[in-house]
Each structure stands twice: as C-alpha cells, then as structure tokens.
Amino acid sequence: MRLVLSVGVLACVYQSVQPPPPKMFTAVTSPRIKLRDGRHLAYKELGAPREEAKLKMIYIHGFDSCMHDSFFFHNLSPALLEELKICIVSFDRPGYGESDPDPNRTPRSIAFDIEELADGLGLGPKFYVIGFSMGGQIIWSCL
C-alpha cells in the first residue's frame, strides 16, 4: 500500500514540476524562410527592394520583443530609405514571434541562422548586422 501511495505522490510531484507545452501561433502573417533543419524564421523587410538596394542590413531585436517592436523602424522614413536604396530585414529570433524555437540552440547557432536567412533572401556576400539591446550580443557571434 505504501509503495502504491509513494508512486502516486511522486507522479503528482513530477507532473507539477514539468513546464507547460509551448504555445504556438495558429496563424502566420509574416513571410517565413525555411532553414536547413526544418525550422522557419519569420522576417520583415523595410525600405528599398532587395534587388535594387545598395546597402543591405539585418536588424536583430532585443529580449522580449519581436521584429515589429523597434524604435529603429518607427523613426525611419520609408521614403528616405528608398531614396538612399537601403534595405533593412528584421527577423524574429528563434522562439520569438512567428519563428520556430531552436531546441539545439548554441551561442553560434543564431549566427548560422542569420547566414541562412541572408542566403535565402539573396542579400549577397556583403551585408551589415544591427543589434539593439541583447540583439547586440548576437552580433558578436556573427563576427
């Protein structure tokens, strides 16, 4: 009897300490690119079209935000970006917004995700990365 009661209590304790399953978005509204490992990264483009842009940038958002939450985008004039032929691509980091989480995440894996994003969008061999807040730490792994 004690064994059955002990197993029952341990099962209840085990279930109570397990994290809830991750919440997934049901509707994806942003364009996404599929990575080699099957995950998707959602992205947003601002400014001149990629094909016409002379200057291409990838923006990395900080902690507790997404590709849409940026003072950087709200203070820039779209007309000025098009006139200067600047294309800015912002993306949801893995596990944020509409991007799939990366269960095998390492400090270098986000740099490889950025590389795949740039290759998938055809940004070419030269582009710049901009990081805001904790997004700036990711730039170190890109270096």
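Mentor: Gladly! Contact here means heavy atoms within 4.5 Å. Please keep in mind that this is a predicted model.

Let's begin at phenylalanine 91. Leaving aside neighbours within four places in sequence, Phe91 is in contact with Leu41, Ala42, Tyr43, Ile58, Tyr59, Ile60, His61, Met67, Ile110, Ile114 and Leu117. Phe91 also belongs to the largest nonpolar core, which has 19 residues. Together with Tyr43, Val89, Ile114 and Leu117, Phe91 is among the residues that touch the most other members of that core. Five elements each supply at least two residues to this core: strand S2 (40–47), S3, strand S4 (86–91), H4 and H5. The largest share comes from H4, with five residues.

Gly135, Ile138 and Ile139 are the buried residues of H5. They sit on the same side of the helix because they cover an arc of only 110° around the axis. In general, an α-helix has 3.6 residues a turn, so residues three or four places apart point the same way. The cover over the buried residues of H5 includes strand S3 (55–60), helix H4 (109–121) and strand S5 (128–131). On the face turned away from the buried side, H5 carries the exposed residues Gln137 and Trp140.

Next, have a look at the loop between S4 and H4, where tyrosine 96 is placed. With a relative accessible area of 18%, Tyr96 is buried, because the cut-off for buried is under 20%. Not counting residues up to four places away in sequence, Tyr96 touches His61, Gly62, Phe63, Asp64 and Ser65. Cysteine 66 is 30 residues from Tyr96 in sequence, yet their C-alpha atoms are 6.4 Å apart in space.

Finally, for a view of the surface, go to helix H1 (residues 2–17), where valine 13 lies. Val13 counts as partly exposed, at 45% relative accessibility. Leu5, Val9, Val13, Tyr14 and Val17 make a nonpolar surface patch of about 510 Å².

Notes
Residues numbered from 1 in each chain as written. Predicted model: local features only at pLDDT ≥ 70, side-chain atom pairs only at ≥ 80, totals over all residues. Heavy atoms only, no water. Buried < 20%, exposed > 50% of the residue type's maximum accessible area, 1.4 Å probe, protein only. Helix = DSSP H or I, 4+ residues; strand = E, 2+ residues; numbered from the N terminus. Arc of directions from axis to C-beta. Core = buried A, V, L, I, M, F, W, Y, C linked by side-chain atoms within 4.5 Å. Patch = residues over 30% accessible without salt bridge, like charges linked within 9 Å, V, L, I, M, F, W, Y side chains within 5 Å. Areas by Shrake-Rupley, 256 points an atom, 1.4 Å probe, with all protein chains shown as cover. Salt bridge = Lys/Arg side-chain N within 4 Å of Asp/Glu carboxyl O.
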